Amino acid sequence: EHVTKLRFVSSAAMSPDGKNVAYTLTVQRKPFKDEDGPNWEELHIVLGDEGSRPFVTGDDNVSAVKWKPDGRSVSFLAKRGKDKNRSLYVIPVNGGESRNVVSFDTDISEYTWSPDGTRVAFVATEKEPKEVKDRKEKGFKQEIYEEDFAEVRVWIAAPDDPESKPTPLVLPGYPSEIHWSPTGPDLIGLLADGYGFGGLGDHGGAQEKVQRIPMIIHVPGEA
């Protein structure tokens, strides 16, 4: 019983001015009360001398916690409420509700803010083709090699512009990690040259070693 009450910090991020810390707190599910599933991940923030305060708690799974460049708000990934996929949220540290700033056709797995906080780059797969979705709905679950492979891409979005739509970048590989340069218009990306993201890829029955290569990626529209 005591084991199920254990809580622990699973990740942390320091604010740009070094005065505050946002962190995720792992909370275990209650046996015989909660449905089976992974532990809950809550968002808490230590605000200087004020100590730690809960910001997102309860039946939530917060991940990828980061500070926006201005230090006034914290961003995170979560699938909340009526969300169909994991989306990007922002919550102000001085009070206010979290809001969904970027939703996409598939789960967002990774993201990074531009230095001025007006744009965000994120990693997500392309939307499943309609013919593949229709096939699955009819009961055909078998994957067709290469035809059913969903491209993983880096997308650029402007959260403060409701009229804009995420734009994909054309890259010579499959991204798994990205970081926006704090002083320039470029991203630093970790790209794989195959489907396995650094592991062994199965290409027509032949096992191939997949390489992950760091690469500088220029973002169109940035000076």
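Select Leu 77 and Leu 88 together. Leu 88 belongs to strand S7, and Leu 77 is its bridge partner. Keep in mind that this is a predicted model.

**Stop 1: strand S7 and its neighbours**

Now select residues 73-78, which make up strand S6. Strands S6 and S7 run antiparallel, joined by 6 bridges. Next, colour residues 99-102, strand S8. S8 also runs antiparallel to S7, and 3 bridges join the two. Click on Val 90: opposite stands Arg 99 in S8.

Follow the chain from S7 to S8. The two strands form a hairpin, with 6 residues between them. Stop in the turn at Gly 95, where phi is positive, about 115°.

As you look along a strand, keep one rule in mind. In a regular strand, side chains alternate between the two faces of the sheet.

**Stop 2: the nonpolar cores**

Show the side chains of Leu 43, Ile 45, Val 74 and Phe 76. These have the most contacts inside the largest nonpolar core, a set of 16 residues. Strands S3 (40-47), S4 (52-56), S5 (63-67), S6 and S7 each give two or more residues to this core.

Zoom in on Phe 76. Which residues does Phe 76 contact, leaving aside neighbours within four places in sequence? Among them are Leu 43, Val 56, Val 62, Val 65, Leu 88, Tyr 89, Ile 91 and Tyr 111. Ser 63, Ala 64, Ser 87 and Ser 98 are also in contact with Phe 76.

Then select Val 101, Ile 108, Trp 113 and Phe 122. They are part of a second, separate core of 14 residues.

**Stop 3: Ala 64**

Go back to Ala 64, one of the contacts of Phe 76. Ala 64 sits in strand S5. Its phi is positive, about 50°, although this residue is not a glycine. Is Ala 64 buried or partly exposed? With a relative accessible area of 28%, Ala 64 is partly exposed.

**Stop 4: the second largest pocket**

This pocket holds about 210 Å³ of space. Select part of the lining, including Lys 66, Trp 67, Lys 68 and Pro 69. S5 and strand S9 (110-113) each give two or more residues to the lining. Colour the lining by type: 7 residues are nonpolar, 3 are polar and 2 are charged.

Notes:
Residues numbered from 1 in each chain as written. Predicted model: local features only at pLDDT ≥ 70, side-chain atom pairs only at ≥ 80, totals over all residues. Heavy atoms only, no water. Pairing = 2+ DSSP bridges. Helix = DSSP H or I, 4+ residues; strand = E, 2+ residues; numbered from the N terminus. Core = buried A, V, L, I, M, F, W, Y, C linked by side-chain atoms within 4.5 Å. Buried < 20%, exposed > 50% of the residue type's maximum accessible area, 1.4 Å probe, protein only. Contact = heavy atoms within 4.5 Å. 1 Å grid on protein atoms, 1.4 Å probe; cavity = no way out; pocket = protein on both sides within 12 Å on 5 of 7 lines; lining within 4 Å. Points joined across faces, edges and corners; volume = space filled by probe spheres on them. Nonpolar A, V, L, I, M, F, W, Y, C, P; charged D, E, K, R; others polar.
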